[in-house]
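Trainee: I want to learn how to read pockets and ligand contacts in a model. Please show me the structure and take me through them.

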Amino acid sequence: MNHAETEYLRNLGRKHISPVSTRVTDLVIKRAKGARFWTADGSEYIDFVSGVASNGLGHAHDSMVKAIKEQAENLIHFGLNYGYYESVVKLSEKLAQIAPGNLDTVFFSNSGGEAIDGALKMARAVTGRPGIIAFDGSFHGRTLGATSVTGSSSKYRTSYEPLLGEVYHVTYPYSALLKENAPKDMTRYSLSQLESLFELRISPERVAAILIEPVMGEGGYYPAPNEFLQGLRKIADQYGILLIFDEVQTGFGRTGKMFASEHSGVTPDILVLAKALSGGMPLGAIVASRELHEKWPTGAHGSTYGGNPVSCAAALASIGVIESENLVQRSKQLGEKIVQRLKNNLQKYRDIKDIRGVGMMIGIEFHPSVASRIVPAIKEKCLARHLLIMNCGVNGQTIRLMLPLNIKEEDVEEGLTILESAIGELI
Ligand code: PLP
């Protein structure tokens with residue numbers, strides 16, 4: 001595509017696509033493969049964003065493309081209300097096999113936010129209770145239910161109030177999320193906040209669900225301590241509250257385990273999945289025990305496209321590759337190697353507060369005093385050198401790396417070298 005054609009497309013996009021969602025670059029993308037993509041003018045880039053952790057196998061993995069093509073030739077859409085088809089049945093069986101504990105039954109939706117809404121509806125319907133507890137700093141999506149439980153920025157909530165009622169937020173157990181006087185023992189602090197909530201605001205017998213990201217994503221890449229998740233499990237059991245894990249971003253090997261819940265050994269009552277579930281095709285899932293699903297009255301929830309045949313075929317192919325190529329193990333090992341390298345090369349800079357990773361969920365956090373100046377400049381410099389990166393955090397303080405789990409060593413090397421030199425030049 002020549003320059004004039006590219007400009008024409010860009011201008012059409014500017015004119016007709018809603019400006020409501022943030023557009024980080026105005027690149028016109030033509031093609032993508034693995035951890036690389038090409039713009040319409042033929043420039044090549046490295047992608048450390050992976051569709052915000054959706055393309056777990058990178059772009060256009062051969063196995064996924066083959067599965068998508070074959071499925072599309074046979075059945076594109078039918079509607080799960082009207083029967084069964086192979087890809088959805090086999091995917092639900094596969095999820096039942098790999099999900100923790102007794103979670104063996106699946107409701108499919110089209111996205112993470114939609115699956116979160118469904119999980120909240122399920123929790124209210126099966127417990128007959130109204131209350132939902134979520135955490136400050138958490139992000140769960142853009143639908144109204146998901147917006148109501150999101151606490152990572154007031155900008156996501158402003159203009160939409162009143163949001164869902166009976167939603168309460170508690171401090172996520174990570175000290176950086178408290179501006180001052182953070183206690184040493186965040187696990188105890190956050191659990192005691194929960195107890196205070198029960199005393200002062202809502203009786204635990206009125207709470208349907210506690211919803212948490214086991215590793216906070218958008219809010220800053222902070223892992224919840226295992227003891228905290230174990231404490232939540234105890235409290236939930238004590239009061240008959242359902243524990244929901246939002247593993248939309250952490251699922252499918254991203255944290256060095258198939259699911260982040262495995263780090264703490266805690267099995268949630270409801271596991272919410274999307275993003276890397278289907279490696280870039282629209283799909284979300286609510287996974288819970290058969291017993292719990294059977295308490296959700298038939299007809300109380302549904303979806304036209306949920307469990308779409310092509311998305312399910314893509315998901316099956318993607319999970320197949322994750323398993324056959326041991327990518328969960330690779331995520332752990334490569335993630336540790338990358339974190340070690342970043343520490344060796346970047347820890348000397350005083351503006352950097354922390355470098356951490358759980359598997360391939362890797363964050364470089366900057367001190368609050370410099371983050372708003374330095375992080376956007378680093379992103380810009382990297383983009384100018386053809387590396388796409390993204391940040392996260394309540395104050396945009398963390399550069400998050402979301403490399404494909406199967407990324408080639410040379411792409412890691414080239415991308416990290418660009419990133420490290422951009423940081424070194426700007427700090
Ligand atoms: N939950 C988490 C943890 C997420 O990171 C996201 C998206 O970034 C969502 C839910 C919402 O997913 P979707 O954008 O597919 O609705």
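Trainee: Which pocket does the ligand take up?

Mentor: General idea first. Rolling a probe the size of a water molecule over the atoms shows where empty space is left. A pocket here is an open set of points on a 1 Å grid over the protein atoms alone, where a 1.4 Å probe fits, with protein on both sides within 12 Å along at least five of seven lines. A molecule sits in a pocket if more than half of its atoms lie within 2 Å of its grid points. In this case, the ligand takes the space of the largest pocket. The model is predicted: local features need pLDDT of at least 70, side-chain atom pairs count only at pLDDT 80 or more, and totals for chains, interfaces and linings use all residues. Residues are numbered from 1 along each chain as its sequence is written, and side-chain values use heavy atoms, with hydrogens and water left out.

Trainee: How many residues line the largest pocket, and how much space lies in it?

Mentor: A lining residue has an atom within 4 Å of a grid point. The volume is the space filled by probe spheres set on the points, which are joined across faces, edges and corners. It comes to about 1,700 Å³ for the largest pocket. Its lining has 48 residues, with T22, V52, R142, E218 and M390 closest to the centre.

Trainee: Which residues surround the ligand?

Mentor: Take those near it, with a heavy atom within 4 Å. They are S111, G112, G113, F139, H140, G141, E213, D246, V248, Q249 and K275. This shell has two nonpolar, six polar and three charged residues. Ala, Val, Leu, Ile, Met, Phe, Trp, Tyr, Cys and Pro count as nonpolar, Asp, Glu, Lys and Arg as charged, and the others, Gly among them, as polar.

Trainee: Which residues place polar atoms by the ligand's oxygen and nitrogen atoms?

Mentor: Look for pairs of N or O atoms within 3.5 Å. G113 uses a polar backbone atom, 2.7 Å from a ligand oxygen. D246 has a polar side-chain atom 2.7 Å from a ligand nitrogen. Q249 also uses its side chain: a polar atom there is 2.9 Å from a ligand oxygen.

Trainee: How much of the ligand does the protein bury?

Mentor: Compute accessible area by the Shrake-Rupley method with a 1.4 Å probe. Alone, the ligand exposes 390 Å², and the protein buries 81% of that.

Trainee: What lines the second largest pocket?

Mentor: There are 24 lining residues, and L80, T105, V106, F107 and H293 lie nearest its centre. About 910 Å³ of space lies in this pocket.

Conventions. Polar contact = N/O pair within 3.5 Å; in protein donor to acceptor, adjacent residues only side chain to side chain.
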